[in-house]
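Hello,

Here is the structure I promised to pass on. Please open it first, then read my notes below.

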Amino acid sequence: MNFDRLAQATGKLSQTIGSILKIVLLSRSQSVKRTATGNDEIIVLGNGPSLNQTVETSYTFLESRKKLAVNFAANTPLYFRLKPEYYVLADPHFFSTGNEAVDNLWLTFSKKTDWDMVLFIPTRAKIPNPEEIKRNPHITVERYNLTPVEGCKRLCHLAYRKGWGMPRPRNVLIPSIMLALNSGFRTIYVAGADHSWMRTLSVDENNNVVSIQPHFYKDSEKENTRVSTEYAGYPLYKIVYSFYVAFKAYFDIRDYAGSIGATIYNITPGSFIDAFPRKTV
């Protein structure tokens, strides 16, 4: 065995041991159910700017399939037009209080969502005003583990299948696709997943990294300020590494999907995700 192979084997062993410890320490009892029936197909709706184009050109295609939305989509008119059957929140920011956009999000879930929808929440997250959500008979809350699992493929696939964890959840699209798989869907389409951050990445004269991440909706000034503050001080190598983590996770998802007989199609025009076969709809 040469040095490179030894290093790879040692690294994988370390990842596997680390993943086992993370599962033991971080994972909790999850409640994700197989709700897909027959030949149900689902479209995971990312928040990339291309989603507007997809909705306008392929609305009939979207309307005829189950849909999963994420993050602040519920604060837009598109939420009420598409009426997603599933919704995923992952970032701790969505479980804070005192933020107008976040407060409006939970108000929409509790008071304005009048169709049946499964709301996926991390097992360790606390819902603001949970009694308000319980009063809406259309909302079913299911808990899932965000625990990152990597290393031995056999361990990874077992952990994914059991809901103990998932590929490193660098962004909300990763848990969204995994939850669609674990809900029983075997044909998944990904829309609004532009992931074209590298086109807007730059470094200013003060060595501050500028990373613009546009959405299909216009972010408020407060939200733009929050994101800018959150990224302030991050050197370029850390941001580029975070891109690596995300794009690698999609290959891990593709591998797992293939092992359970599922196929994931990328229907996002101009998407940077190269793990899933492209499909025009």
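**His138 and its surroundings**

A polar contact of 3.1 Å links the side chain of His138 to that of Asp116. Before going on, please keep in mind that this is a predicted model.

His138 is located in the loop between H6 and strand S5 (139-144). Is His138 buried or partly exposed? With a relative accessible area of 28%, His138 is partly exposed. Leaving out residues up to four places away in sequence, His138 touches Thr113, Asp114, Trp115, Asp116 and Met117. Arg199 is another matter. His138 and Arg199 are 61 residues apart in sequence, and their C-alpha atoms are 40 Å apart in space.

**Thr123**

Thr123 belongs to the loop between strand S4 (117-122) and helix H6 (130-134). Its relative accessibility is 17%, so Thr123 counts as buried. The side chain of Thr123 makes a polar contact of 2.9 Å with the side chain of Asn145. Neighbours within four places in sequence aside, Thr123 is in contact with Arg28, Ser29, Gln30, Arg143, Tyr144 and Asn145.

**Positive phi angles**

Two residues stand out here. Asn71 is not a glycine, yet its phi is positive, about 50°. Asn71 lies in the loop between strand S2 (66-70) and helix H4 (77-82). Asn71 has a relative accessible area of 17%, so it is buried.

His195 is not a glycine either, and has a positive phi of about 50°. Look for His195 in the loop between strand S6 (187-191) and strand S7 (202-203). His195 is at 9% relative accessibility and therefore counts as buried.

**Helix H8**

How many of the 10 residues of helix H8 (residues 173-182) are buried? The count is 10 of the 10, so H8 is largely enclosed by the rest of the structure. The buried residues of H8 include Leu173, Pro175, Ser176 and Asn182. Ile174, Ile177, Met178 and Leu181 are also among them. After H8 comes Gly184, with a positive phi near 105°.

**Nonpolar cores**

In soluble globular proteins, nonpolar side chains tend to be buried together. Here is how that looks in this model. The largest nonpolar core has 44 residues. Which of them touch the most other members? They are Phe120, Ile177, Leu181, Tyr250, Ile253 and Ile264. At least two residues of this core come from each of strand S1 (42-45), S2, strand S3 (86-88), S4, helix H7 (153-162), H8, S6 and helix H10 (236-259). H10 supplies the largest share, eight residues.

Take Ile253. Not counting residues up to four places away in sequence, Ile253 touches Pro167, Ile174, Ile177, Met178, Leu181, Ile264 and Phe276. Ile174, Ile177, Met178 and Leu181 are residues of H8.

There is also a second, separate core of 21 residues. Ala74, Phe95, Val102 and Leu119 are included in this second core.

**Aromatic rings**

The structure holds 18 aromatic pairs. One of them joins Tyr79 and Tyr87. Their ring centres are 5.9 Å apart, with 80° between the planes, and the pair is edge-to-face. Tyr79 and Tyr87 are both buried. Tyr79 and Tyr87 also belong to one aromatic cluster, together with Phe80, Phe95, Trp106, Phe109 and Trp115.

Two charges sit over rings. The charged end of Arg65 is over the ring of Phe61, 3.8 Å from its centre. Lys279 lies over the face of Tyr265, 4.9 Å from the ring centre.

**Cysteines**

A disulfide is a covalent bond between the sulfur atoms of two cysteines. The count in this model is zero disulfides. Cys152 is in no disulfide, and the nearest cysteine sulfur, that of Cys156, is 6.9 Å away.

Cys152 is at 31% relative accessibility, so it counts as partly exposed. Cys156 has a relative accessible area of 6% and is buried.

Best wishes

Definitions and conventions:
Residues are numbered from 1 along each chain as its sequence is written. This is a predicted model: local features need pLDDT of at least 70, side-chain atom pairs count only at pLDDT 80 or more; totals for chains, interfaces and linings use all residues. Side-chain values use heavy atoms; hydrogens and water are left out. Helices (H or I, at least four residues) and strands (E, at least two) are DSSP runs, numbered from the N terminus. Buried means under 20% relative accessible area, exposed over 50%, partly exposed in between (1.4 Å probe, protein chains only). Rings of Phe, Tyr and Trp (its six-membered ring) pair if their centres lie within 6.5 Å; planes under 30 degrees apart count as stacked, over 60 as edge-to-face and the rest as tilted. A charge sits over a ring if NZ of Lys or CZ of Arg is within 6 Å of the ring centre and within 35 degrees of the ring normal. A polar contact is a pair of N or O atoms within 3.5 Å; within protein, one must be able to donate a hydrogen and the other to accept it, and residues adjacent in sequence count only if both atoms are side-chain atoms. Contact means heavy atoms within 4.5 Å. A nonpolar core is a set of buried Ala, Val, Leu, Ile, Met, Phe, Trp, Tyr and Cys residues joined through side-chain atoms within 4.5 Å. A disulfide is a pair of cysteine sulfur atoms within 2.5 Å.
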